[in-house]
Amino acid sequence: MNPLSLLAALSTSALGQQTDACEHIKLRELVSDPGPGVLFLGERHGVRKDLSRAYRIVNKLSHLGPVTLGLEAVPAAQQSVLDRLSLGRLPFETLPEALDWDNDWGYSFSTYERLLKLYDRDEITLVGVGQPLQLRPEEASVPLPPGYAMVLADTMGDGPIPVELESRLVQTVAWHDHRIATSALEGWGGRGWLVVVVDRNWLEGGLGVAWQATRLTEAPVSAALLADAGTRCYRGDRVIK
């Protein structure tokens, strides 16, 4: 199996049993600061409970100041579609077709609909941050989190990473994290909050997208998982209860 196939398996895998290493927080702890700041929220793709919590967080923060909402569910390459939507040049009911939602994302559009409908709020800006899974180009460089191989090995469960592919996989996942973080930050003007909803696999262990973002911005960066889903819980992770 090549690193790209392993990465695809990683993005859909179930993690191990939960431990008591992480911190459980209440939703209100995330919505009292007007910013500026960057907050990554880890979702289980297509799970309505997770997306409902994300909506509540964005909605509450928007009462304190401007919010840029980044969604992994929308590819960064499709930002022009979101821009047309925000400018009133694209009817909302045609958005799934314009984004080729069923073929590209695949999870129920209705689950993400409330978040996407925030486009018509003056204080909220939508940004697509999704990135295709791809190997790190040879000419590109990316910082590698310490101990990332162990976190990824946990995620693979009963399918351990072959030794000969470990280094390439770590670099591939780090490159993917880096591109999501870069895309999100490029779409943020630095005012208020940047809230980014991504697969929780890209946040667990504190070594993924949020780790990359801290190296790209001077703004405070934090992260939280949107549900206690009975999955592995690493020290330093925060889970909304």
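Analyst: Helix axes are lines fitted to C-alpha atoms over the stretch in contact, and angles run from 0 to 180 degrees between N-to-C directions. Helices (H or I, at least four residues) and strands (E, at least two) are DSSP runs, numbered from the N terminus. This is a predicted model, in which local features need pLDDT of at least 70 and side-chain atom pairs count only at pLDDT 80 or more, while totals for chains, interfaces and linings use all residues. Residues are numbered from 1 along each chain as its sequence is written, and side-chain values use heavy atoms, with hydrogens and water left out.

User: Are α2 and α6 roughly parallel or roughly antiparallel to each other?

Analyst: The axes of α2 (residues 48-62) and α6 come within 9 Å and cross at roughly 5°. Angles under 35 degrees count as roughly parallel, over 145 as roughly antiparallel, 65 to 115 as roughly perpendicular and the rest as oblique. The two helices, α2 and α6, are therefore roughly parallel.

User: How many nonpolar residues are there in the contact of α2 with α6?

Analyst: Contact means heavy atoms within 4.5 Å. On the α2 side are Arg48, Leu51, Ser52, Ala54 and Tyr55, which meet Ser110, Thr111, Tyr112, Arg114 and Leu115 of α6. By class (Ala, Val, Leu, Ile, Met, Phe, Trp, Tyr, Cys and Pro nonpolar; Asp, Glu, Lys and Arg charged; the others, Gly among them, polar), this contact has three polar, two charged and five nonpolar residues.

User: The charged end of Arg114 sits over which ring?

Analyst: A charge sits over a ring if NZ of Lys or CZ of Arg is within 6 Å of the ring centre and within 35 degrees of the ring normal. The charged end of Arg215 sits over the ring of Trp211, 3.5 Å from its centre. For Arg114 the distance to the ring centre is 3.7 Å, and the ring is that of Tyr55.

User: Why is the pair of Phe92 and Tyr119 classed as it is?

Analyst: Rings of Phe, Tyr and Trp (its six-membered ring) pair if their centres lie within 6.5 Å; planes under 30 degrees apart count as stacked, over 60 as edge-to-face and the rest as tilted. The count by this rule is six aromatic pairs. Because the ring centres of Phe92 and Tyr119 are 5.7 Å apart and their planes lie at 5°, this pair is stacked.

User: Is Phe92 buried or exposed?

Analyst: Buried means under 20% relative accessible area, exposed over 50%, and partly exposed in between (1.4 Å probe, protein chains only). Tyr119, with 22%, is partly exposed. Phe92 has a relative accessible area of 11% and is therefore buried.

User: Where is Asp100 found?

Analyst: Most residues other than glycine have a negative phi, and most peptide bonds are trans. Asp100 has a positive phi, near 50°, and is partly exposed at 39% relative accessible area. Its place is the loop between α4 and α5 (101-104).

User: Which residue does a cis peptide bond join to Gly35?

Analyst: The omega of this bond is about 5°.

User: What is the relative accessibility of Leu194?

Analyst: Leu194 is found in strand β5 (residues 193-199). Not counting residues up to four places away in sequence, Leu194 touches Gly37, Val38, Leu39, Thr68, Ala184, Leu185 and Trp188. Leu194 counts as buried, with a relative accessibility of 0%.
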